[in-house]
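Subject: Structure handover

Dear colleague,

Please find the structure below, followed by notes on what was found in it.

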Amino acid sequence: MVSKPQVRFTLGKQSSLAPDTVSCSDSDSDDGLEAIDPRVRLMFFSSEGDLEGIKKLLDSGTDVNFKDIDNRTALHVAACQGFTDVAELLLERGAEIDPQDKWGSTPLADAIHYKNHGVVKLLEKHGAKHLTAPMHVNNAREIPEYEIDAKELDFTNSVDITKGTFAIASWRGTQVAVKKLGDELFTDEEKVRAFRDELDLFQKIRHPNVVQFLGAVTQSSPMMIVIEYLPKGDLRAFLKRKGALKPITALKYAMDIARGMSYLHENKPEPIIHRDLEPSNILRDDSGHLKVADFGVSELLKGTHAAKHEKPMSHQDTTWRYVAPEVFRNEDYDTKVDVFSFALILQEMIEGCQPFVTKNERDVPKLYAAKERPPFKAPSKSYAHGLKELIEECWHENPERRPPFRQIIIRLESIYNSIDPKKHWKVQRFRCFRMMGMCKGEDSDTSTNNRSSWI
């Protein structure tokens, strides 16, 4: 008996792990071969979503687990195309749940890669296994100390927070914020590298004005970063509710941000640039203080002078409304890009609206590059003496003219003390007590002199 030749099925979407994933035409298939080989027709019908055609082939004895020359099955094809009903039929007829093609991809990995969520849920329901996490270690002694068992994280009542990047979960009785790296990103080396970089940064950070890192899941899929959850939300949502803040509140918040950023910029041996400092990435804690968060596009500066950047920015990375002009022009930049963003946030807290709020976000960086800055429209009393000047220095066109956060903190504290009513009250009370003491001293001297004159 002559065995049937091996075939490669190339119609529709291909393996998510194939070196050159493309959507192919039927140039590699042969109508005559399809006419005599029901296995090829099974693959074809699965790519077309033809349930009746599949049923007839399977009823006639065609192997539901047939593999082509690339070890692809009909279930792989259905998962790529997103046909949940086809996948369900194949599984009912005995299709293997986790077959791997020549590149190691499974139907679940393909469904995740092409964002076919219905097929993903179906395969998971039937026990499909996720791919091994990219940071998985074979030796238990190599598991990092920060590792959290994924089973300890309960997402039963999970909701998305902070631009959908993080979700709330319960961990050992405490609510935490969790950032996931899904299976669909495992084949994207840039995404995996970004996850590693963010994890490395979080391990270096310990400061009351920076969100606290609690641990990570790196030995199973999906990989996750776990940080403290701040239920009061981010500064963006707060400003939407409150509008313009009182000058004293704006200054308190500004000092919180500046302290957190100063800590990052003075990290040893290499400064940390946030690169995406904007209200959505600043969180409020229970005590009313602010914490800098979201280091997904942050980076360590390399070199003695730490004056160059390594990662180019894209519109998907950050909010352009707060981006320094040198970033928009794709020039070399340093920590001063965060100072520029800080100036815009400080002004927004006082003005009550985003910078250039009437302009399209994509057009705002062009205004900054043209040396335009958001206008000061709030009443003069909203800006304490020296505050406008500080903002203007922080968003100066020349990054070298922008002050470092260490100096910004000192100036903010001075401005804050000059308008703090409690501070004024303490000063006035001190002066009053001092005057009373002086008065008592004068009375004593006077009475002594009077007594002397009587002698």
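The second largest pocket has a volume of about 200 Å³. A pocket here is an open set of points on a 1 Å grid over the protein atoms alone, where a 1.4 Å probe fits, with protein on both sides within 12 Å along at least five of seven lines; the volume is the space filled by probe spheres set on the points, which are joined across faces, edges and corners.

This is a predicted model: local features need pLDDT of at least 70 and side-chain atom pairs count only at pLDDT 80 or more, while totals for chains, interfaces and linings use all residues. Residues are numbered from 1 along each chain as its sequence is written, and side-chain values use heavy atoms, with hydrogens and water left out.

The lining of that pocket (residues with an atom within 4 Å of a point) consists of Ser262, His265, Glu266, Lys268, Thr335, Lys336, Val339, Pro404, Phe405 and Arg406. By class, 3 of the lining residues are nonpolar, 3 polar and 4 charged. Ala, Val, Leu, Ile, Met, Phe, Trp, Tyr, Cys and Pro count as nonpolar, Asp, Glu, Lys and Arg as charged, and the others, Gly among them, as polar. Helices α10 (247-265), α12 and α15 each supply at least two residues of this lining; helices are DSSP runs of H or I with at least four residues, strands are runs of E with at least two, and both are numbered from the N terminus.

Lys268 is also joined to Pro269 by a cis peptide bond, with omega about 0°. Pro269 sits in the loop between α10 and β7 (272-273).

The axes of α12 (residues 336-351) and α15 (residues 405-419) come within 11 Å and cross at roughly 25°. α12 is therefore roughly parallel to α15, a term for angles under 35 degrees. Axes are lines fitted to C-alpha atoms, for helices over the stretch in contact, and angles run from 0 to 180 degrees between N-to-C directions. Asp338, Val339, Phe342 and Leu346 of α12 meet Phe405, Ile408 and Leu412 of α15, contact being heavy atoms within 4.5 Å. These contact residues comprise 6 nonpolar, no polar and 1 charged.

Elsewhere, α5 (residues 84-92) packs against α7 (residues 117-125) at about 20°, with axes 9 Å apart. That makes α5 roughly parallel to α7.

Lastly, Asn71, in the loop between α3 (51-59) and α4 (74-81), has a positive phi near 65° and is not a glycine.

Regards

Key. Angles under 35 degrees count as roughly parallel, over 145 as roughly antiparallel, 65 to 115 as roughly perpendicular and the rest as oblique.
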